[in-house]
Amino acid sequence: MNIRKLPKIELHLHLEGAAPPNFIRQLAFEKNIDLTQIFNANGDYCFSNFNEFLATYEAACQVLKEPEDFHRLTRSILEKSAENGVIYTEVFISPDFCGGGDLTAWKEYLAAIEEAANSAKEDLGIEMRGIVTCIRHNGPSIAKKASICAAETASNFVIGFGMGGDELVGTQGDFTYSFNMADEAGLGLTTHAGEWGGAESVRQALQDLRVTRLGHGIQIIDDTNLIREAIDKKITLEVCPGSNVSLGIFENLSMHPINSLLKSGLLVTVSTDDPPFFNTTMTSEYNNLRDVFDWDEDIFKLINQNAIHAAFCGEEQKLILLERINSAWTKT
Ligand SMILES: [Zn+2]
């Protein structure tokens, strides 16, 4: 099978985290900002643990200042995704980086991002939707501004609300206000949980934020009761194996629980998280899963079906995606 060309659904991709190093270098050059410290000798992003990763990530974001920068960034990441067969992608967009939580500024950034998404749909055939995202380590009051931005701009394009950032700062429950506001605006809900904070953070996410999806969620593997609860509630895991290995949560892919999670009956999906940071693409994620766990067309079809069912878009869009996935992922 030609994995690169086969259609894929991606649910967990951070807009700024997907910025290719060359793109960030070019903007730094244009704006006369010195970012040499965040790149290694090969020109890749450099970090050696999760905290350094967050610092590098936020340093790279310094060059993203204007709506036009985000227009170019959106185009750039959608080109990469389309090259790897992605036909539908839900992208985390944070008002913290787009106008600092100011609603008027946010609308301008969002319009630029949506315009780039519309043009990519026209000429690359990729559908993008936005998940407005608060950043956990910036605290609940800044998250509140993000949720106001989300609720005020909910649309066919802005379809979800999520939380990223440092999972070890505060609790999921500190952000209940923001998630309730997003819920009332009809947005789908997801949060990073069970990447660093253990199974307990997954329990809190389900109880306090009532999310239907978990960013990563992999540490649920340590709690069989919670696995049962997640299966009963049809919770979907946005698993990003390359990210987890790159950040040292698992030594290599063979130690990663993704296959066990899938076999336990959980709804597993596969995404790249911040692909250039982790030297990955959707194609290489799939190739690695095929090589290490013998995943075949039927399993790839299943994880893409899972992703469609868990997507925050409308039913009409889901039917179109299902048809493409079902007809392409067949054994030859
Ligand atoms: Zn993430």
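Author: We can start with the domain interface. A salt bridge is a side-chain nitrogen of Lys or Arg within 4 Å of a carboxyl oxygen of Asp or Glu. Across the interface of domain 1 and domain 2, that rule finds 2 salt bridges. This is a predicted model, where local features need pLDDT of at least 70, side-chain atom pairs count only at pLDDT 80 or more, and totals for chains, interfaces and linings use all residues. Residues are numbered from 1 along each chain as its sequence is written, and side-chain values use heavy atoms, with hydrogens and water left out.

Reader: Into which domains is the chain divided?

Author: Domain bounds come from an automatic or database domain assignment. The chain is divided into domain 1 (8–19 + 65–328) and domain 2 (20–63).

Reader: How many residues does the contact take from each domain?

Author: The C-alpha centres of domain 1 and domain 2 lie 22 Å apart. Contact means heavy atoms within 4.5 Å. The contact takes 22 residues from domain 2 and 24 residues from domain 1.

Reader: What area is buried between domain 1 and domain 2?

Author: Buried area is the accessible area (1.4 Å probe) that two parts lose on being put together, summed over both. Carbon and sulfur atoms give 69% of the area buried here. The total between domain 1 and domain 2 is about 1900 Å².

Reader: Why does the largest pocket lie between the domains?

Author: On a 1 Å grid over the protein atoms alone, a pocket is an open set of points with protein on both sides within 12 Å along at least five of seven lines, while a cavity is a set where a 1.4 Å probe fits but cannot get out. Lining residues have an atom within 4 Å of a point. The largest pocket lies between the domains because its lining takes residues from both domain 1 and domain 2.

Reader: Which element gives the largest share of the lining of the largest pocket?

Author: The largest pocket is lined by 23 residues, with Lys80, Pro275, Pro276, Thr280 and Thr281 nearest its centre. Strand E1 (8–14) and helix H3 (67–83) are the elements that give two or more residues to this lining; helices (H or I, at least four residues) and strands (E, at least two) are DSSP runs, numbered from the N terminus. The largest share, 4 residues, comes from H3.

Reader: How much space lies in the largest cavity?

Author: The count comes to 1 cavity of 30 Å³ or more. Grid points are joined across faces, edges and corners, and a volume is the space filled by probe spheres set on the points. The space in the largest cavity is about 260 Å³.

Reader: Which element gives the most to the lining of the largest cavity?

Author: The largest cavity is lined by 25 residues, of which His14, Leu54, Tyr57, Gly164 and Gly165 lie nearest its centre. Helix H2 (50–61), strand E2 (86–93) and strand E3 (127–135) each give two or more residues to the lining. With 5 residues, the most comes from H2.

Reader: Which residue forms a salt bridge with Arg72?

Author: The structure holds 13 salt bridges. In the one formed by Arg72, the closest N and O atoms are 3.0 Å apart. The partner is Glu30.

Reader: How many residues apart are Arg75 and Asp123?

Author: Their side chains meet in a salt bridge at 3.1 Å, N to O. The pair links distant parts of the chain, Arg75 in helix H3 and Asp123 in helix H4 (residues 103–124). Arg75 and Asp123 are 48 residues apart.
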